[in-house]
Amino acid sequence: MNGPHTHDVIIAGAGLAGATFALAAAQGGLRVALIDPQPFSAQLAPTFDGRSTAIAWSTFRMLDVLGLGERLRPHACRMDHILVTDGRRPGAASKAASPAFLRFDAAEVGDATGGEPLGYLVENRQIRAALAGLIAASDIDLMAPASVVAVETSPSRATVTLADGTALTAPLVIGAEGRGSLVRSAAGIETVGWRYGQSGVVATVRLDRDHGNVAHEYFLPHGPFAILPLTDRRASLVWTETTRAAEALRDASDEAFQSHLMRRFGEFVGTATPEGPRFVYPLALELATRLTAPRTALIGDAAHGVHPVAGQGLNMGLKDAAALAEVLIEALRLGEDIGSETVLDRYARWRRFDIMALAAGFDAFVRLFSNDIAPIRLARDLGMAAVNRIGPLRKAFMGEAGGATGDLPRLLRGEAV
């Protein structure tokens, strides 16, 4: 590398993707600085992030390799079945399968997955807690709270300036600070995308009967309504509505919210009692036009913000982290300049097609299902019926959802880098 540096990589953003990348990079021998405006203690509060994440089974292999899996398993709920319904009301999924009904069972692909579920549901705060514990015990130079206010690059280095005037230099800076990425803006990388006019209401409910490790996804005219199984007989709701309706649900009294919820929820899992605060997240598609720039790389939501319809947003971000870590660690071992265009182009070429294909697929899915136009409803119902009856096609969907297709980074294959 050109000249001495205290760090090999500087990561802006200690969210789930950024912190996981930091662990992978540090375990591979890179000297890492991790910067975030929020102290880790604030990120662990139940009110900081009310979401839960469906972690694909291949992604969980990565977490196992990094040492996170052992900490997360007590808080992870298996998804052994996924039931998908197209209808005008959720209760349709509790009835016998109709042409507008899909069922995915982990047992169907058990031989290929070694008995793994279709995925694991984990509350984001539990993932943050596991990451915080491992980062505290590592050699990662954690700076939180600290804010990045400027990023400059030269042919040989990136310089990151913090709000207190501290300047850090390294061969490479990573933008992992989400959709409003300052690193991305400083690199002159533009974004394309659009808003859906929808927001997701996220809440946790306690059920009065067991959920059986079943995830339900209802495609209703105003958007998807998901019931995702959590540990301790609880479920995470992702309730998509128009933004105005979503904000009204968030601000409603507990009694009014539960009344609306039970009308939407149906009776098939009994009474659902809300627990904790409710959150509203606006839904939009935002894609960076490039994943890299001189001395700069993007991962996670800084590179791609997608609709949560398939629950793959974090899985995409963690696949970015695994791919970039592998590219950089191999380059380091070969004595290459890890921030060079040649090295960064390997990462961009590896991830570009997968990101674009998934983002386009999710967007098409949302547009196809979030309406009540009769001819479109008929076409999608016929399509769902066909998938439900063709075993190999159904298994292919499950393989894709499990993140086990394509050119996987070693971490997602369960191998250390």
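Is D232 buried or exposed? D232 is exposed, with a relative accessible area of 53%. Here buried means under 20% relative accessible area, exposed over 50%, and partly exposed in between, with a 1.4 Å probe and protein chains only. The structure is a predicted model, in which local features need pLDDT of at least 70, side-chain atom pairs count only at pLDDT 80 or more, and totals for chains, interfaces and linings use all residues. Residues are numbered from 1 along each chain as its sequence is written, and side-chain values use heavy atoms, with hydrogens and water left out.

D232 lies in the loop between β15 (223-230) and β16 (234-242). Helices (H or I, at least four residues) and strands (E, at least two) are DSSP runs, numbered from the N terminus. Phi of D232 is near 60°, a positive value in a residue other than glycine. The hairpin of β15 and β16 has three residues between its strands. R233 is not a glycine either, yet its phi is positive, at about 50°. With 41% relative accessibility, R233 counts as partly exposed.

Two strands pair if DSSP finds at least two bridges between them. L228 has S236 in β16 as its bridge partner. β16 also pairs with strand β13 (residues 191-207) through nine bridges, again antiparallel. There, Q198 stands opposite T242 in β16. β16 is mostly covered, as seven of its nine residues are buried.

A separate set of strands forms an open sheet. Its three strands follow the order β3-β7-β4, with antiparallel pairing. β3 (52-56) and β4 (77-79) stand at the edges, each with a single partner strand, so one side of each has no neighbour in the sheet. On average, neighbouring strands of this sheet are turned by 30° against each other, direction ignored. Axes are lines fitted to C-alpha atoms, for helices over the stretch in contact, and angles run from 0 to 180 degrees between N-to-C directions. Five bridges join β3 to strand β7 (residues 119-123), and the two run antiparallel. A54 is paired with L121 in β7.

Helix α3 (residues 57-66) packs on this sheet and touches β3 and β7. Contact means heavy atoms within 4.5 Å. The direction of α3 makes about 95° with that of β3. α3 is mostly covered, with seven of its 10 residues buried. The buried residues of α3 are W57, S58, T59, F60, M62, L63 and L66. Just after α3, G67 takes a positive phi of about 95°.

Another open sheet has three strands in the order β9-β10-β11, with antiparallel pairing. β9 (148-153) and β11 (167-170) stand at the edges, each with a single partner strand, so one side of each is left without a neighbour in the sheet. Neighbouring strands here are turned by 20° against each other on average, direction ignored. Four bridges join strand β10 (residues 158-162) to β11, and these strands run antiparallel. T159 stands opposite T169 in β11. The loop between β8 (141-143) and β9 contains P145. A cis peptide bond joins A144 and P145, with omega at about 5°.

Two helices pack against each other. Helix α1 (residues 16-27) and helix α6 (residues 124-136) meet at an angle of about 30°, with their axes 10 Å apart. That angle makes α1 roughly parallel to α6. Angles under 35 degrees count as roughly parallel, over 145 as roughly antiparallel, 65 to 115 as roughly perpendicular and the rest as oblique. α1 passes α6 in a left-handed crossing. A crossing is left-handed if the near helix is turned anticlockwise from the far one by less than a right angle, and right-handed if clockwise. From α1, the residues L16, A19, T20 and L23 meet N124, I127, R128, L131, L134 and I135 of α6. By class, this contact has seven nonpolar, two polar and one charged residues. Ala, Val, Leu, Ile, Met, Phe, Trp, Tyr, Cys and Pro count as nonpolar, Asp, Glu, Lys and Arg as charged, and the others, Gly among them, as polar.
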